[in-house]
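Please read each one alongside the sequence and the coordinates.

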Amino acid sequence: MAAKNGQLYQLSLTGVLGGLMGVFITRFFGGTSRLNPDDILEQVKRQFREESPIEGAWIEKHAVPFQKFAVKSRVYYGGINRYEDDQLVQYQFIADTATGSILDIHRL
C-alpha cells in the first residue's frame, strides 16, 4: 500500500510539473496573451472624453498582424466619432493586442 501511495504522489507531482512547464514554454516561445478589445476601447474612449464627448466608437474583435519598420506585433483596429466645431469627425486607431498601447491614430 505504501508503494502505491508513493507512486501516486510521484505521478501527481510529475503531472503538476509537466503542466507548469507547458505553460512556461507556451508563454516563452510566442504564446502571448491578448488584452480584451473591449477594455482597450474603453481606455481610448476615456482618453477622448477628456477633451469632448464622443458620439460613437468601435473596435474589431479579430487581431491582425501589423508591422511598422522592424517592429512586428498583432493589433486591433478601432475608431472614434465625435463632433468638433459642429462637424462629425472620425478617428481611426491601431492598438497593440498585448499591451493595449495605441500604435497609431489619425483623423479620417
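1. Asp85 is exposed, because its relative accessible area of 76% lies above the 50% limit for that class. The model is a predicted one, and the backbone at this position deserves attention: phi of Asp85 is near 55 degrees, a positive value in a residue other than glycine. Most residues other than glycine have a negative phi. Asp85 is located in the loop that connects β3 (71-84) with β4 (87-96).

2. The neighbouring position should be read together with the previous one. Asp86 also belongs to the loop between β3 and β4, and its phi is positive as well, near 60 degrees. With a relative accessible area of 75%, Asp86 is classed as exposed. The hairpin formed by β3 and β4 has two residues between the strands.

3. The protein chain holds two helices and five strands, in the order α-α-β-β-β-β-β from the N terminus. The chain has 108 residues, of which 27% count as buried. Its accessible surface comes to about 8100 Å², and carbon and sulfur atoms contribute 57% of that area. Among contacts with a separation of 6 or more, 36% join residues 24 or more positions apart.

4. Strand β3 takes part in several pairings. With β4 it pairs in the antiparallel sense over ten bridges, and within this pairing Ile80 has Tyr91 of β4 as its bridge partner. Strands β1 and β3 are likewise antiparallel, over four bridges, with Trp58 opposite Gly79 in β3. Strand β2 is joined to β3 by five bridges, again antiparallel, and Pro65 stands opposite Arg74 in β3.

5. Strands β2 and β3 form a hairpin with two residues between them. In its turn, Phe69 has a positive phi of about 60 degrees.

6. Which residues have the most contacts inside the largest nonpolar core? They are Phe48, Ile59, Ile80 and Phe93, in a core of 13 residues. Helix α2 (37-49), β3 and β4 each supply at least two residues of this core. Leaving aside its neighbours within four places in sequence, Phe93 is in contact with residues including Leu41, Val44, Trp58, Ile59, Ile80, Ile102 and Ile105. The contacts of Phe93 also include Tyr76, Tyr77, Gly78 and Gly79, as well as Asp104.

7. A search of the whole structure finds five salt bridges. One of them joins the side chains of Lys61 and Asp38, at 2.4 Å from N to O. Lys61 lies in the loop between β1 (56-59) and β2 (64-68), whereas Asp38 is in helix α2, so this pair ties together parts that are 23 residues apart in sequence. Lys61 is exposed, at a relative accessible area of 52%, while Asp38 counts as partly exposed at 36%.

8. The side chains of Lys45 and Glu42 meet at 3.1 Å, N to O. Because these residues are three positions apart in helix α2, about one helical turn separates them. Glu42 is partly exposed at 36% relative accessibility. Is Lys45 buried or exposed? At 16% relative accessibility, Lys45 counts as buried, because the limit for that class is under 20%.

9. The side chains of Glu51 and Arg82 also meet in a salt bridge, at 2.9 Å from N to O. Glu51 belongs to the loop between α2 and β1, and Arg82 to strand β3, so the pair ties together parts that are 31 residues apart in sequence. The two partners contrast in accessibility: Glu51 counts as exposed at 62%, whereas Arg82 is buried at 6%. Salt bridges that share partners join Glu51, Arg82, Glu84 and Arg107 into one network.

10. The loop between β3 and β4 holds Asp85 and Asp86, with positive phi values near 55 degrees and near 60 degrees, respectively. Phe93 is one of the residues with the most contacts inside the core.

Technical notes
Residues are numbered from 1 along each chain as its sequence is written. This is a predicted model: local features need pLDDT of at least 70, side-chain atom pairs count only at pLDDT 80 or more; totals for chains, interfaces and linings use all residues. Side-chain values use heavy atoms; hydrogens and water are left out. Buried means under 20% relative accessible area, exposed over 50%, partly exposed in between (1.4 Å probe, protein chains only). Contact means heavy atoms within 4.5 Å. Accessible areas come from the Shrake-Rupley method with a 1.4 Å probe; for residues, only the protein chains shown count as cover. A nonpolar core is a set of buried Ala, Val, Leu, Ile, Met, Phe, Trp, Tyr and Cys residues joined through side-chain atoms within 4.5 Å. A salt bridge is a side-chain nitrogen of Lys or Arg within 4 Å of a carboxyl oxygen of Asp or Glu. Two strands pair if DSSP finds at least two bridges between them.
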